[in-house]
Amino acid sequence: MLSPSARAAFLRFACVGLTMALIDIGLLYWLKYQPAFNAYTARLVSYPAGLMVGYFLNRYFTFHHVDNVRHVLDELARFFAVHAVGGLLNFGVFSLVVYAGEGADFAPGWEAAIPLIGVCLGGVVGMCFNFFVSRELVFDG
């Protein structure tokens, strides 16, 4: 699990991604039922919260084998920039799923799962983009 190979790093990145997703999903579902929030505005809060946790897990777990020659703030800025693009891809897929789900005629109870499906599909797209770009531009040593 601590191997420096690209395959092991991708698996660690996926584990961190799962942790980020759980934080994202938990906050999303909690916030979307709060006054002044809906699924879209709640996601604008939940995603950055998961992202902050993800940065530190990736720095010290996923890419532990890379010499951290950059200052933490520089690396964090790069991480957020890369993940902002990945986040746009993620949010775009999420929004498409939620939008499509709002217009669909689901059996009772299924409409509650639509944001979760959007988070999962968006997360896969975003994770793949974020791993390959983060490996090259953020944690490249």
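This is a predicted model: local features need pLDDT of at least 70, side-chain atom pairs count only at pLDDT 80 or more; totals for chains, interfaces and linings use all residues.
The largest pocket has a volume of about 380 Å³, and 24 residues line it, with Gly 17, Leu 18, Ala 21, Gly 123 and Met 127 lying nearest its centre. Two or more lining residues come from each of helix H1 (6-31), helix H2 (39-62), helix H3 (72-103) and helix H4 (114-137). Among these helices, H1 gives the most to the lining of the largest pocket, namely 10 residues. When the lining of the largest pocket is divided by class, 14 residues are nonpolar, 8 are polar and 2 are charged.

The second largest pocket has a volume of about 170 Å³, and its lining includes Arg 43, Leu 44, Tyr 47 and Pro 48 as well as His 83, Ala 84, Asn 90 and Phe 91. Helices H2 and H3 each supply at least two residues of the lining of this second largest pocket, and H3 gives the most, with 6 residues. The lining of the second largest pocket consists of 7 nonpolar residues, 3 polar residues and 1 charged residue.

Attention now turns to charged side chains. In general, side chains of opposite charge can pair when their charged atoms come close. The structure holds 4 salt bridges, one of which is formed by Arg 59 and Glu 75, whose closest N and O atoms are 2.2 Å apart. Because Arg 59 lies in helix H2 and Glu 75 in helix H3, this pair ties together parts that are 16 residues apart in sequence. Both Arg 59 and Glu 75 are buried.

Another salt bridge joins the side chains of Arg 78 and Asp 74, with an N to O distance of 3.7 Å. Arg 78 and Asp 74 both lie in helix H3, where they are 4 residues apart, about one turn of the helix. Arg 78 has a relative accessibility of 32% and therefore counts as partly exposed, and Asp 74, with a relative accessible area of 36%, is partly exposed as well. A further salt bridge is that between the side chains of Arg 135 and Glu 136, at 3.6 Å from N to O. Arg 135 counts as partly exposed at 28% relative accessibility, and Glu 136 counts as partly exposed at 49%.

In the loop between H2 and H3 is found Val 69, which has a relative accessible area of 59% and is therefore exposed, the cut-off for this term being over 50%. The C-alpha atoms of Val 69 and Ala 81 are separated by 18 Å, the two residues being 12 residues apart along the chain.

Terms used:
Residues are numbered from 1 along each chain as its sequence is written. Side-chain values use heavy atoms; hydrogens and water are left out. On a 1 Å grid over the protein atoms alone, a cavity is a set of points where a 1.4 Å probe fits but cannot get out, and a pocket is an open set with protein on both sides within 12 Å along at least five of seven lines; lining residues have an atom within 4 Å of a point. Grid points are joined across faces, edges and corners, and a volume is the space filled by probe spheres set on the points. Ala, Val, Leu, Ile, Met, Phe, Trp, Tyr, Cys and Pro count as nonpolar, Asp, Glu, Lys and Arg as charged, and the others, Gly among them, as polar. Buried means under 20% relative accessible area, exposed over 50%, partly exposed in between (1.4 Å probe, protein chains only).
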